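Here is a short note to read alongside the sequence and the coordinates.

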Amino acid sequence: MIDRLAIIGVGLIGGSLALALKQAGAVGHVVGCGRNQQSLEKGIELGIIDSYQISVSDAVKAADIVVVAVPLGAMRRVFEQIAGAITDQAVITDVGSAKASVVEVAMECLGDRVGQFVPGHPVAGTEKSGVEAGFASLYQNKRVILTPLDSTDQGAIETIDKMWRQCGASIEYLSVQHHDKVLAATSHLPHMLAYALVNFLSGLNEHDEIFKYASGGFRDFTRIASSDPVMWRDVCISNGDALLALIEQYKNELDQVSAAIQNQDAGRLLELFGNAKSERDSLVGNC
Ligand code: NAP
């Protein structure tokens with residue numbers, strides 16, 4: 001049981017965590033924190049949080065667990081305010097989609113309290129954002145990746161591991177660098193492709209007709225282009241090197257498709273699509 005939980009950033013990810021823990025009966029009091037008082041009032045009305053503070057230091061000062069769930073670009077400002085305000089026993093975690101940049105900020109801001117910080121990333125989400133986007137079942141049967149450092153306190157890791165399991169998630173442990181490389185491929189690159197496809201098509205002369213006749217496949221492929229632009233701007237800036245390397249490799253893959261079409265190479269096209277189909281079929285079965 002967590003007596004007092006502070007959620008900094010009561011949006012899709014932070015709000016869903018609060019709701020899941022409340023539903024599991026695993027938390028006493030949830031204090032929310034954000035810049036926008038109206039959103040925080042909404043959070044109380046929706047039963048996501050029990051009280052709120054606009055000041056990060058006020059929100060975290062008596063908390064047992066502090067969850068930082070703001071966009072990556074806002075992490076530094078939040079960690080700077082956490083550092084001097086938490087107790088020795090408090091455990092801090094975050095939910096950022098890239099880990100190296102958050103770890104760097106935490107090391108700089110938390111100083112000798114960095115052992116109390118357990119970097120994390122729930123591999124769950126939707127294209128919606130804000131306080132009204134949260135829902136209690138978001139983490140059911142989903143994975144949460146924790147990327148503790150050598151200096152991370154073992155008790156802190158166990159606390160955060162248990163918190164996520166109480167939300168129905170399973171836990172995986174990766175190094176910070178490995179997390180950022182793998183997530184660049186499985187999450188960050190697909191978002192870039194979806195954004196680029198929608199921008200490309202909307203710039204064509206026939207764009208009205210293209211969107212009018214778009215099928216379910218187009219909707220499936222581009223759903224994630226409705227994701228929050230601020231979040232994805234920050235992911236690109238935080239995990240730029242890994243992402244750029246993959247974008248270059250992906251261009252080669254498209255070149256292979258172009259070449260096969262150009263050469264009317266039916267065998268090669270079947271090989272490319274057959275391979276992708278069997279990979280995707282087995283992948284989805286494992287998700
Ligand atoms: P969200 O729904 O937009 O929620 C973020 C919350 O942070 C907002 O409610 C906002 O509240 C607060 N916030 C925004 N900018 C801020 C700033 N500059 N300073 C302080 N607070 C700020 O976003 P989210 O989808 O929950 O994402 C939060 C984090 O989770 C991000 O780090 C993201 O990388 C990570 N994540 C997202 C997903 C996903 O699918 N969306 C999945 C896994 C991890 P106020 O407006 O009241 O300040």
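The numbered points below begin with the basis of the model.

1. The model is predicted, so that local features need pLDDT of at least 70 and side-chain atom pairs count only at pLDDT 80 or more, while totals for chains, interfaces and linings use all residues. Residues are numbered from 1 along each chain as its sequence is written, and side-chain values use heavy atoms, with hydrogens and water left out.

2. The ligand is surrounded by 25 residues (a residue counts if one of its heavy atoms lies within 4 Å), and the closest are Ile13, Arg35, Val70, Ser97 and Gly130. By class, this shell holds twelve nonpolar, eleven polar and two charged residues, where Ala, Val, Leu, Ile, Met, Phe, Trp, Tyr, Cys and Pro count as nonpolar, Asp, Glu, Lys and Arg as charged, and the others, Gly among them, as polar.

3. An N or O atom in the side chain of Arg35 is 2.7 Å from an oxygen atom of the ligand; a backbone N or O atom of Val70 lies 2.7 Å from a ligand oxygen atom, as does a polar side-chain atom of Ser97. Of the 880 Å² of accessible area that the ligand has on its own, the protein covers 86% (Shrake-Rupley method, 1.4 Å probe).

4. Ile54 touches Cys33, Gly34, Arg35, Gln37 and Leu40, residues up to four places away in sequence not being counted (contact means heavy atoms within 4.5 Å).

5. Ile54 and Gln23 are 31 residues apart in sequence and 25 Å apart in space, C-alpha to C-alpha.

How values were computed: A polar contact is a pair of N or O atoms within 3.5 Å; within protein, one must be able to donate a hydrogen and the other to accept it, and residues adjacent in sequence count only if both atoms are side-chain atoms.
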